[in-house]
Amino acid sequence: MSAKEIAVLEERMRPGRSSTGGFLSHGQSLVAVVEQDTQTLVRLGLTHERLANRLRYLHLASRKFESTGAPILGRFEVEVVHFCGRQWCPFMPAPSRGGRLPCGYGWTEFRVTNLASGEFVYVTGLHPHLIGDHRFFEGGPYRLDPEHAQRVLELAPHEDDLIRWTTRVEKPTSWSWSASCLAWDGALWQQANVRKCLDEGKRLEFAAGFEAHVLGDRVFLCARELVSPRADFVIDGLPLYLDVLCGGAVYERRTREVEEPDLAQIERLTRKFAVDSHTHGSPYARPFRPPWETDPESSSDDLA
Ligand SMILES: [Zn+2]
């Protein structure tokens, strides 16, 4: 990467540019931050990939895999503390409409608490990407300190504990909105895929001036006047949710690729944390004391 390219990135990462708080503070050097954190990781016997992998799992687990309230991996509590709005990865220019997709983005800030030690760390939804793909822990207000993160996450030096992911193709559960236009006979009518639906598709009339044309994985809905159907449609066996329509709208039947962690690996890690705390004692853990249980000695002082 040339000095000029680095200067462009640094400029984009300053406060008030691609984010309010900034990814770097004023005068901070991107290369210096990355180099120093990389040296820290080497000293800790840790890799960017391992740290990012663990954060990614904890984030996903908090949203999806654990709804039981049980500690994640038998050890961690993850709470979303803040919705930040969509934040693009600053290593690429902000995506323009119809332009290329960003290399990464995040929505949330979450707190990971180690239930054995009571220590916690704040992590953003973008951190797994920034750390794993760009080796960047940030320098601004959302910086994640690698040494602190290792302690809270109990990542032992030089261990192979990567959570592996598999990809599953999920069938669509409803028609997904793809495009719409407000005018009857508007620009959508000229699109080749819409013309094909109109010419060759199966026509379904719901009311006068309100119809659908279905062709393969695409449906084109058109309404001459404003309609607000108070019912869900089932088209070719799949529901289509529509609140209101005037003009045209394209819906598609899309398959999604869903990433899932290797459950055997998760179980192995959960067992490891259980063994660490009950048999050997974790190298990092102190007994967890909930905030409402104060130290008996200090509380007697308070009462006196
Ligand atoms: Zn990126």
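**Figure 1. How confident is the predictor in each part of the chain?** pLDDT is the predictor's confidence in each residue, on a scale from 0 to 100. This is a predicted model, and the mean pLDDT of its protein chain is 86, with 87% of the residues reaching 70 or more. Confidence is highest in helix α2, at 97, and lowest in helix α8 (residues 296-303), at a mean of 47. Two stretches deserve a careful eye. Over residues 282-291 the pLDDT stays under 50, and the model has 16 contacts beyond four places in sequence for them. Residues 298-304 also have a pLDDT below 50, and this stretch has one contact in the model beyond near neighbours in sequence.

**Figure 2. The whole chain, before we zoom in.** Take a moment to find your way around: the protein chain has eight helices and 12 strands. Of its 304 residues, 27% count as buried. Now look at contacts between residues at least 6 apart in sequence: 61% of these join residues at least 24 apart.

Figure 3. Strands of a sheet pair through backbone hydrogen bonds, either parallel or antiparallel. Here three strands form an open sheet in the order β1-β2-β3, and the pairing is antiparallel. Strands β1 and β3 (120-124) are the edge strands, each pairing on one side only. On average, neighbouring strands of this sheet are turned by 15° against each other, direction ignored. Five bridges link β2 and β3 in the antiparallel sense. To pick out a bridge, find threonine 113, whose partner in β3 is phenylalanine 120. Helix α5 lies across β2 and β3, and runs at about 115° to β3.

**Figure 4. The largest nonpolar core.** In soluble globular proteins, nonpolar side chains tend to be buried together. The largest nonpolar core in this model holds 26 residues, and Leu51, Leu58, Phe76, Val78, Val112 and Ile131 are the ones that touch the most other members. Which elements supply at least two residues each? They are α3 (48-65), β1 (76-88), β2 (105-114), α4 (127-134) and α5 (146-153). Helix α3 gives the most to this core, with five residues. Zoom in on valine 78: leaving aside its neighbours within four places in sequence, valine 78 is in contact with Leu58, Ala61, Ser62, Ile72, Phe110 and Val112. There is also a second, separate core of 15 residues, which includes Val194, Val219, Phe220 and Tyr251.

**Figure 5. Helix α4 and the residue that follows.** Are His127, Pro128, His129, Leu130 and Ile131 of α4 buried or exposed? These five residues are buried. Arginine 135 follows α4, and the phi of arginine 135 is positive, near 60°.

**Figure 6. Two helices side by side.** Two packed helices are described by the angle between their axes and the distance between the axes. Helix α2 (residues 30-44) and helix α5 pack at an angle of about 35°, with their axes 9 Å apart. On the α2 side, look for Asp37, Thr40, Leu41 and Leu44; they meet Pro146, Glu147 and Gln150 in α5. The residues of this contact divide into three nonpolar, two polar and two charged.

**Figure 7. A five-stranded open sheet.** Follow the strands across in the order β5-β11-β8-β7-β6; this open sheet of five strands has antiparallel pairing. Why is one side of β5 (176-181) and of β6 left without a neighbour in the sheet? Both strands stand at the edges, each with a single partner strand, so one side of each has no neighbour there. Neighbouring strands of this sheet are turned by 20° against each other on average, direction ignored.

**Figure 8. Two hairpins that share strand β7.** Strand β6 (residues 202-207) pairs with strand β7 (residues 210-215) in the antiparallel sense over five bridges. Two residues lie between the strands of this hairpin, where glycine 209 takes a positive phi near 80°. On its other pairing, β7 is joined by six bridges to strand β8 (residues 218-227), and β7 and β8 run antiparallel. This hairpin also has two residues between its strands, and glycine 216 in the turn has a positive phi of about 60°. Phenylalanine 210 is a handy landmark: it is the bridge partner of alanine 207, and phenylalanine 210 also stands opposite alanine 223 in β8.

Definitions and conventions. Residues numbered from 1 in each chain as written. Pairing = 2+ DSSP bridges. Helix = DSSP H or I, 4+ residues; strand = E, 2+ residues; numbered from the N terminus. Core = buried A, V, L, I, M, F, W, Y, C linked by C-beta atoms within 7 Å. Buried ≥ 20, exposed ≤ 12 C-beta atoms within 10 Å, placed from the backbone. Contact = placed C-beta atoms within 7 Å. Axes fitted to C-alpha atoms, helices over the stretch in contact; angles between N-to-C directions. Nonpolar A, V, L, I, M, F, W, Y, C, P; charged D, E, K, R; others polar.
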